[in-house]
Amino acid sequence: MESHRRPQQHGADAEPGGIGRRRFLGYVVAASTLTVAAQLGEGMLAPEEATAAVPSPPGPAEIYDLNDMLTHATLPTANLITIRIDADGTASFALPRAEVGQGITTSSAMLIAEELDLPVDRIRVSLADARPELLFNQLTGGSNTTVSTFTPIRVAAAVARGRLLKAAALELGEAIDTLTAKAGVITSALTGRSLGYGELAAKAASMTSTQVSVTLKEPPDFEVIGTPQRRLDALEAITGRKRFAMDLQVPGALPTMVCRPPTVNGTVRSVANLAEVRALPGITDVVAVSTGVAVRGRTFGQCIDAVRALEVDWGPGTAEGKSDDTVRDELRRAELPLPAIDLLTRSVDARFTFHFASNSALETNCAVADVRKDSAEIWASLKSPITAQEQIALELGLPVTAVKVHVTEGGGSFGRKLFHDAAAEAAEISRAMGKPVKLMWHRTDDFRQGRTHPMSTSRVRATYALGQVLTYDQRHTSVSTDFGHGVGEIITAEAARLPVGGLAFSETIFTLTQQTPYNFGVVTQLLSETDQGFNTGSMRNIYSPNVRCAQELVVDELAKRLGKDPYAVRRAFLKDSRARAVLDKAADVGGWGRSMPAGTAQGIAIHPEYHAYVAVLAEIDCRPQTTGRKIRDAYAGPRVTRVVCAVDVGLAVNPRGLEAQMMGGIMDGIALTLSSGLHLDNGYFLEGSWDNYFYTRQWNTPPELEIVVMPPTTGHPGGAGELAVAGAMAAVACAYGRATGAMPTTFPINHGEPLGFEPLPTTPPVPASPTDGLSRAF
């Protein structure tokens with residue numbers, strides 16, 4: 001029998017393309033225009049076998065990590081994520097995740113474009129409102145978005161393509177095998193007649209929900225996935241047209257700010273001059289709320305004036321009287337013991353201190369709220385909108401169905417927007433005032449009352465003999481990390497399959513994220529947490545930057561003790577070939593071992609996470625600087641002059657976006673190593689603006705920066721959003737140690753005295769000069 005041969009079909013009616021190709025189930029959803037959904041997500045990957053002289057068994061995070069847990073939690077509701085084909089021939093997709101600058105709206109559009117054969121610029125990706133029916137499928141975190149949506153989005157797009165082909169076959173009176181779909185047009189190979197997707201959208205729709213089977217494209221067939229694409233929102237971002245929460249024009253919502261306590265989580269006892277402040281120009285309302293005293297006015301400038309004018313008697317906070325020294329002492333008392341040392345072995349022992357770091361994003365905490373008697377509507381950048389909806393409804397005494405939560409794009413997050421503090425506060429203020437509010441936190445409040453990366457210590461002991469590392473033990477002790485943003489519920493739901501026994505939330509997250517990529521014999525990494533008096537959060541990479549930094553510094557010390565090159569030691573002890581490949585690439589491109597002047601050096605580090613690998617080579621100049629930004633009565637000090645980063649995420653959906661993610665993570669890592677930390681003194685943080693919180697600036701950005709995206713090593717993506725932070729922090733720390741001849745043990749390195757800045761006053765909590773306040777706080 002003669003058959004018509006054509007390129008492999010990937011739509012609903014396509015046949016399997018050969019042995020080993022998998023078929024997936026999707027749905028055609030009942031709707032007036034073509035609407036489709038997916039069912040299945042990606043599974044986990046298995047680690048490679050260890051082959052060293054003293055192999056280490058795989059740890060829990062190498063078998064089943066946080067990303068796996070988040071992905072599996074999304075599977076039951078993957079079929080509720082839909083794509084709609086509109087009459088104008090475009091595809092619309094409401095992404096149930098938060099876009100905060102990581103570029104997932106672009107990568108999601110690329111997945112749709114690949115399977116739907118529709119140009120990327122004809123795909124409209126918006127952010128979905130809170131959808132409680134999605135359960136755990138609307139949480140953005142753990143570098144999980146692309147991993148967990150990679151298959152469901154493609155399945156839905158493939159279902160749509162198949163339905164459109166079927167509708168075109170009926171319309172043209174031809175067999176599907178004679179039709180081809182390209183760039184949103186279906187064309188007959190026999191007659192040359194063509195129909196656009198828009199013309200077929202209504203005809204391809206279904207009156208009932210129907211399950212269909214599809215075959216997805218294989219990686220060799222990809223035309224969009226894996227190609228560098230510019231971000232779809234790039235033009236809006238650089239021209240200032242991108243809309244964030246404060247750009248929304250919600251009827252009646254006026255600027256609102258809060259006068260906050262001078263110490264962490266202080267409370268309002270009384271306000272001496274409410275009437276006078278209410279009478280200030282433009283001010284419409286002044287009310288006391290659980291977090292301070294809220295003022296609503298015609299402009300944010302008027303709100304700032306009102307906040308400054310308030311005379312508040314404050315009650316004590318949850319960190320009253322505490323300082324860096326008292327918290328560090330508390331952490332040391334809570335450290336878990338290390339194993340005893342065998343008399344026949346030698347050891348490297350080290351203790352590291354990591355100070356509080358700010359979780360502030362460029363966009364301060366913002367939200368719009370309109371709370372009425374029987375309903376509420378919220379607009380904010382939220383990475384866990386379902387949790388926000390549930391908790392706000394509970395606080396307002398409303399059913400969840402009466403609270404609408406709209407997810408806006410965010411100006412950064414780094415874990416901050418996993419929490420809905422601003423949304424909950426805006427709802428409380430709106431209810432108290434009986435009016436819509438447009439709440440914006442002052443920059444100073446973001447630093448002093450916002451979420452922070454908790455202070456921690458890490459004790460490490462590595463024993464060695466005869467050129468081999470026999471044991472590696474790490475005891476990480478941290479101020480308590482708050483996981484009350486939805487991940488805790490996932491842990492509870494997934495508890496039966498987690499390889500962590502009866503651990504608490506923080507210990508579970510630690511166990512599912514921390515791993516040792518080296519064959520170091522018997523390995524233990526344990527977490528202990530203490531002190532719940534601070535507002536903490538899962539800052540980008542959670543525990544990994546500090547834990548990895550400590551480990552890589554110990555690896556450098558082991559290399560020194562063994563009389564070997566740091567790169568050679570890493571390569572010899574690495575478990576995984578993918579890890580060795582990125583290490584080799586970074587060392588080769590970066591010219592590892594080249595001759596450098598005294599006071600300068602190279603450092604190299606490896607970091608595995610979420611089935612992805614990164615190696616970072618950093619060069620640092622620790623010689624006295626004669627130019628640069630003045631810090632703490634000395635000039636800029638150490639400057640990272642060059643960074644080479646090799647990254648393997650399995651399959652990079654958008655290599656250009658991946659490069660941007662790595663660049664951002666590298667800047668985070670440099671900051672955490674050298675300059676950005678908070679100083680706690682008598683219950684409050686001294687930093688109050690970007691002027692005195694020294695994130696990586698232009699003067700400390702490496703003039704040479706190269707990102708090498710490795711060729712695909714798997715057919716699916718691994719996590720990428722947080723990957724470079726830990727690797728960069730560790731590489732810079734190792735470079736600093738080699739340049740100065742002394743292993744650094746306190747981070748950021750320049751955290752000591754003197755401060756080098758004049759702390760902003762605590763009462764009022766903003767500068768007295770209007771010009772100074774606006775330039776330094778916003």
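The accessible surface of the chain amounts to about 29,200 Å², and carbon and sulfur atoms account for 53% of this area; areas were computed by the Shrake-Rupley method with a 1.4 Å probe, and for residues only the protein chains shown count as cover. The model is predicted: local features require a pLDDT of at least 70 and side-chain atom pairs a pLDDT of 80 or more, whereas totals for chains, interfaces and linings use all residues. Residues are numbered from 1 along each chain as its sequence is written, and side-chain values use heavy atoms, with hydrogens and water left out.

The pLDDT, the predictor's confidence in each residue on a scale from 0 to 100, averages 89 over the chain, and 90% of the residues score at least 70. Over residues 1-20 the pLDDT is below 50, and this stretch has 46 contacts in the model beyond near neighbours in sequence, a contact being heavy atoms within 4.5 Å. Residues 40-52 also have a pLDDT below 50, with 31 such contacts. Where pLDDT is low, the predicted coordinates should not be read in detail.

The chain contains 20 helices and 31 strands; these are DSSP runs numbered from the N terminus (helices H or I, at least four residues; strands E, at least two). Of the 778 residues, 61% are buried, where buried denotes under 20% relative accessible area, exposed over 50%, and partly exposed the range in between (1.4 Å probe, protein chains only). Among contacts between residues at least 6 apart in sequence, 79% join residues at least 24 apart.

The largest nonpolar core comprises 59 residues, and F352 and F356 have the most contacts inside it. Such a core is a set of buried Ala, Val, Leu, Ile, Met, Phe, Trp, Tyr and Cys residues joined through side-chain atoms within 4.5 Å. Helix α15 (residues 544-562) supplies the largest share of this core, eight residues. A second, separate core of 58 residues includes A91, V100, A113 and L172. Beyond residues up to four places away in sequence, the contacts of F356 include D324, V327, H453, M455, F534, L680 and F685.

Helix α15 also packs against helix α19 (residues 723-740) at an angle of about 35°, with the axes 8 Å apart. Axes are lines fitted to C-alpha atoms, for helices over the stretch in contact, and angles run from 0 to 180 degrees between N-to-C directions. Residues of α15 at this contact include S544, R548, E552 and D556, which meet residues of α19 including V725, M729, A733 and R738.

Helix α14 (residues 505-513) is mostly covered, with seven of its nine residues buried; among them are I509, F510 and L512. In helix α11 (residues 421-433), S430 is buried, its relative accessible area being 0%. Apart from neighbours within four places in sequence, S430 contacts A369, D370, V371, K435, P436 and V437.

Several backbone features occur in loops. A cis peptide bond, with omega of about 0°, joins F747 and P748, and P748 lies in the loop between β31 (746-747) and α20 (770-777). L135 is a residue other than glycine with a positive phi, near 55°, and is located in the loop between β5 (123-127) and α4 (145-172). H611, likewise not glycine, has a positive phi near 65° and lies between β25 (600-609) and β26 (612-621). H611 counts as buried because its relative accessibility is 18%.
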